[in-house]
Amino acid sequence: MESPTLTTSPLLPGRWRRYLPRLSWATSFGLKTSVWSELGGSVGDLGTYIPIVLALTLVNHLDLGTTLIFTGLYNIITGFLFGIPMPVQPMKAIAAVAISESQTHLTIPQIMAAGISTASVLFLLGATGLMSFFYRFIPLPVVRGVQLSQGLSFAFSAIKYIRHQQNFATGKSGSARPWLGLDGLILALSALLFIVLTTGSGDSVDETETEPEPEPHRPRHPLRRLRILSAIPSALLVFLLGLVLCFVRDASIVKDLNFGPSKIHVVKISWHDWKTGFIRAAIPQIPLSVLNSVIAVCKLSTDLFPEKEASATAVSVSVGAMNLVGCWFGALPVCHGAGGLAGQYRCGGRSGASVLFLGIGKLVLGLVFGNTFVKILGEFPIGILGVLLLFSGIELAMASKDMNTKKESFVMLICAAVSLTGSSAALGFGCGIVVFLLLKLRESDFSSWNYKSKGSADIDTGLHP
């Protein structure tokens, strides 16, 4: 008797059928390195997460407890599905509009409307297969230009965090950071040098490589020393130091803490909120999410984890599903950022275990402290956040190192320059595509077209004397 054949609904594209069997393979939390390395990787993207969440909490009254619980669940689920340190990052364009436009700050319903609108577009593009279609035809130099511009943008912001006082409530830099103090320049530079000493340029040390026998009167091979240094979870230690300093800087925050999670409720969104949120925040966020949260993330995951490539369909649907659920309850609109993936990889994350640990930590903090955890984050040394953000940006920008020809580098740099100066990844992307097509057109061979045209003319002449 024949076994029953598995039929698939025609509503599901073929690429979905190829993706479904991979879920069981990608659910492993098997450690590629050590537990300490994965723990270090778990804090690699907090340099972008904490400042944005803190600013939205202070300015727009975002419920931090709800956000911690939902983003913690997102971390656990994405680590389970993708098997890599897939980050969960705030939607930066929505956050920038909500924070920076001081005359009329976006309300929580308007922020959630923007998140749901953006999520709906990404979910639709992923579910229909259009995102994968676009991903296959986008030139690599243009993707590298987007990554380079985003990485350098992170690095520039990180330097500002390190050098100057920051007011996240207004989004502006203040006076120069003092050398001494619990959030001084010496503290930030010490953390920076410590991470460089332990992790170097970010290259992994091959654990299978054997150390050669030392020759007489010659120093021992540095491989052993590199293995010892790379085993130190430097980013985790720096972050824990920052948490300790929160209580040292202001011990009174302990008295202000209230234990227990925030009350979760459904956000009521009016037609005016939908209109305002879509026009002011969703429109600038949608192209950024498509480029940086899907296309750049997929390409970077292929570079860093070729054995666990994340498809554009899966990433796009994941971003959509997260926000179509969480935003209705007031959770921060989030996406998968290439900078977060680069930061977690740079700090030691090599599997889904990295974001699993991060998700558990967020869940615990959200359930125990709720919205009052903002009092602790408000005392976190900004210089240390700048150090973590700097390594995320540099790692993301270094993805562009595989541009081997002058033509590829030219397209990449045009895209990056326009993105940085115009503050728009979509504008840089469009310019990069135009320049790439012009270079292709310039190198095209039109002789075959002339030959065909001449042949057609001869035929016409013979048929019609």
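How far apart should the ends of the 15 residues of helix H15 be at 1.5 Å a residue, and what distance separates its end C-alpha atoms? Helix H15 (residues 312-326) should span 21 Å, and its end C-alpha atoms are 21 Å apart, which agrees. The expected span of a helix is 1.5 Å times one less than its number of residues.

The model is predicted, so local features need pLDDT of at least 70 and side-chain atom pairs count only at pLDDT 80 or more, whereas totals for chains, interfaces and linings use all residues. Residues are numbered from 1 along each chain as its sequence is written, and side-chain values use heavy atoms, with hydrogens and water left out.

Helices (H or I, at least four residues) and strands (E, at least two) are DSSP runs, numbered from the N terminus. In H15, 12 of the 15 residues are buried; among them are Ala312, Val315, Met322 and Gly326. Buried means under 20% relative accessible area, exposed over 50%, and partly exposed in between (1.4 Å probe, protein chains only).

Strand S2 (residues 164-167) and strand S3 (residues 172-176) run antiparallel and are joined by 3 bridges; two strands pair if DSSP finds at least two bridges between them. Gln166 stands opposite Ser173 in S3. The hairpin has 4 residues between the strands, and Gly171 takes a positive phi near 70° there.

The whole structure holds 10 aromatic pairs. Rings of Phe, Tyr and Trp (its six-membered ring) pair if their centres lie within 6.5 Å; planes under 30 degrees apart count as stacked, over 60 as edge-to-face and the rest as tilted. The rings of Phe259 and Phe369 have centres 5.7 Å apart and planes at 40°, so this pair is tilted. The pair links distant parts of the chain, 110 residues apart: Phe259 is in the loop between helix H13 (253-256) and helix H14 (271-304), and Phe369 is in helix H17. Phe259 counts as exposed at 65% relative accessibility, whereas Phe369 is buried at 17%.

Phe373 lies in the loop between helix H17 (352-369) and helix H18 (374-377) and is buried, with a relative accessible area of 6%. Leaving aside neighbours within four places in sequence, Phe373 is in contact (heavy atoms within 4.5 Å) with Leu64, Leu68 and Leu365.

Charges over rings are listed below. A charge sits over a ring if NZ of Lys or CZ of Arg is within 6 Å of the ring centre and within 35 degrees of the ring normal.

| Charged residue | Ring | Distance from ring centre |
|---|---|---|
| Arg350 | Tyr345 | 3.7 Å |
| Lys362 | Tyr49 | 3.9 Å |
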